[in-house]
Amino acid sequence: MNVLMTKRKVGLLLLGIVQLIVLSMIAAMQLNLSYYTISVLAIVQCVVNIILLKIVCNLPVLCIPNMFSVFSLFFHCGQIIKEGFNVQGTVPLPFQYYADEGVIQKACLFYLMSQATYFIGLASTPDANTSFISDKWNQRNEVDTKVYGKALMIVGVIPRLYIDISSLLGALSQGYRGVYSLYFPQMIQSIAFFFDAGIILYLFGLKEKKKMRATLFVVLLYKCLMMTTGARQEKVAYLIVLLYLYFFVCNTVTVGKIAMVVAGCVAGFIFISAIGTVRAGSSSGIKDVLELMQSGQMSNIFGSALGEFGSAFDTLEVAVKYTPAYITYGYGTSYLAGLISIIPLVVKQIPFLDKATIFVHQLPGGVYFALGGSYLGELYYNFSWLGLIGSAIIGKFMGKLNLGIVLSKQHNALYGAWCAIISTAMIMFVRGYFTDMMQKLVWTYFIISLIYAYLKRRSA
């Protein structure tokens with residue numbers, strides 16, 4: 001890194017620290033900010049940070065780390081923005097129901113400060129160079145990435161179909177309630193994840209443009225079909241990463257492709273919103289979704305999306321309100337539980353880890369009913385305001401994932417695909433829990449290692 005770039009990065013880090021100092025002063029003075037002010041601060045902070053990272057670090061505006069940042073804004077401030085700008089739309093789980101004004105203010109400040117530390121972590125990511133990739137990954141890259149992909153898809157196809165067909169049947173019989181009530185052991189979900197991970201590996205290994213387009217088209221149709229059951233979150237996160245990889249990593253970026261992506265995002269947003277409207281009733285399925293989209297009866301789409309998806313803030317509120325007043329700090333136990341969860345059923349045998357896995361389950365059912373997850377809520381539950389350091393660590397980690405994907409173009413397709421697989425889990429982590437992804441990722445890594453060891457022994 002040259003001297004000029006070093007100075008620029010130092011300046012960038014100082015700007016992040018200034019954000020923290022200003023927000024800390026607001027917290028110390030106990031200023032009561034309006035929802036409009038909070039909304040403006042959150043939006044401006046997100047946009048300015050993305051622009052600064054582009055100018056100083058040459059981080060593309062459209063990249064995985066910035067997606068994580070925008071998703072954090074959308075999921076944690078969606079309802080605040082809706083309220084602040086008086087956007088019309090429905091709100092299934094209003095944030096005002098979960099805490100008083102003082103707690104809401106603290107939760108908002110925690111969000112804003114977490115994005116400042118995330119920015120600091122991301123800005124401190126080292127420059128891309130080939131030494132960033134370990135020798136193990138360079139050795140494994142000797143095997144065609146498509147081979148890993150095909151093997152993972154073969155192992156994961158039956159559990160994937162079992163989960164998806166069960167969801168479709170549940171949706172046909174009882175609507176989204178029939179899907180929501182289904183339970184699949186974590187082990188089955190982890191093996192099913194192999195199939196999705198295999199598709200990404202296969203896509204990275206393809207050289208023929210026609211096969212790449214065909215693969216993307218089939219996966220897109222299949223995931224959209226499965227979304228019509230009402231379960232959208234995991235599919236949306238997966239497709240966003242997959243589309244980004246196809247249009248901006250595996251292919252040359254053009255104005256036409258950007259226009260296609262924008263049009264697809266608009267259509268996808270309407271489609272996802274229609275699914276949310278349909279699943280609120282007793283029906284579900286592709287027919288009902290398409291009929292609603294064609295009926296012209298969908299109104300206040302953007303406001304309703306902010307109201308629905310912005311409910312991750314509720315979990316952060318709950319963490320701020322009830323920790324440590326009702327439940328004790330986790331002190332990292334939820335992350336320890338996530339690490340141990342790679343071995344099936346072990347966490348269930350350790351009570352203090354089991355209850356920390358999804359921390360809101362320690363509260364009365366009337367509080368956590370229907371709440372999703374929040375990586376910020378989990379950070380606060382474990383470490384209170386020191387959890388802000390965790391956001392900086394996540395920022396640096398997301399920066400490294402981006403480097404791995406960038407380096408995949410010329411140096412190591414396998415490592416780039418692996419970083420992309422982790423990225424799908426991290427996008428889900430915005431409104432999830434640490435435990436949700438650990439078994440899936442560790443087992444996928446193990447299978448990749450196993451495939452390489454087998455092929456190396458066979459060729460010896």
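In what follows, Ala, Val, Leu, Ile, Met, Phe, Trp, Tyr, Cys and Pro count as nonpolar, Asp, Glu, Lys and Arg as charged, and the others, Gly among them, as polar. The model on screen is predicted.

**Stop 1: the cavity.** Start inside the protein. The count comes to one cavity of 30 Å³ or more, and the volume of the largest cavity is about 90 Å³. Select Cys46, Asn49, Ser69, Gln115 and Tyr118: of the 13 residues that line the largest cavity, these are the closest to its centre. Next, colour α2 (35–57), α3 (64–84) and α4 (101–123), the elements that each give two or more residues to this lining. The most comes from α2, with six residues. Sorted by class, the lining of the largest cavity holds eight nonpolar and five polar residues, and no charged ones.

**Stop 2: a surface patch.** Now select Val10, Leu14, Ile17, Ile21, Met25, Met29 and Leu31. Together they form a nonpolar patch on the surface, with about 650 Å² of accessible area. Pick out Met25, which sits in helix α1 (residues 3–28).

**Stop 3: Tyr415.** Move on to helix α20 (residues 413–429) and select Tyr415 there. Is Tyr415 buried or exposed? Tyr415 is buried, because its relative accessible area of 13% falls under the 20% cut-off.

Terms used
Residues are numbered from 1 along each chain as its sequence is written. This is a predicted model: local features need pLDDT of at least 70, side-chain atom pairs count only at pLDDT 80 or more; totals for chains, interfaces and linings use all residues. Side-chain values use heavy atoms; hydrogens and water are left out. On a 1 Å grid over the protein atoms alone, a cavity is a set of points where a 1.4 Å probe fits but cannot get out, and a pocket is an open set with protein on both sides within 12 Å along at least five of seven lines; lining residues have an atom within 4 Å of a point. Grid points are joined across faces, edges and corners, and a volume is the space filled by probe spheres set on the points. Helices (H or I, at least four residues) and strands (E, at least two) are DSSP runs, numbered from the N terminus. Patches are made of residues with over 30% relative accessible area and no salt bridge: like charges are joined within 9 Å, nonpolar side chains (Val, Leu, Ile, Met, Phe, Trp, Tyr) within 5 Å. Accessible areas come from the Shrake-Rupley method with a 1.4 Å probe; for residues, only the protein chains shown count as cover. A salt bridge is a side-chain nitrogen of Lys or Arg within 4 Å of a carboxyl oxygen of Asp or Glu. Buried means under 20% relative accessible area, exposed over 50%, partly exposed in between (1.4 Å probe, protein chains only).
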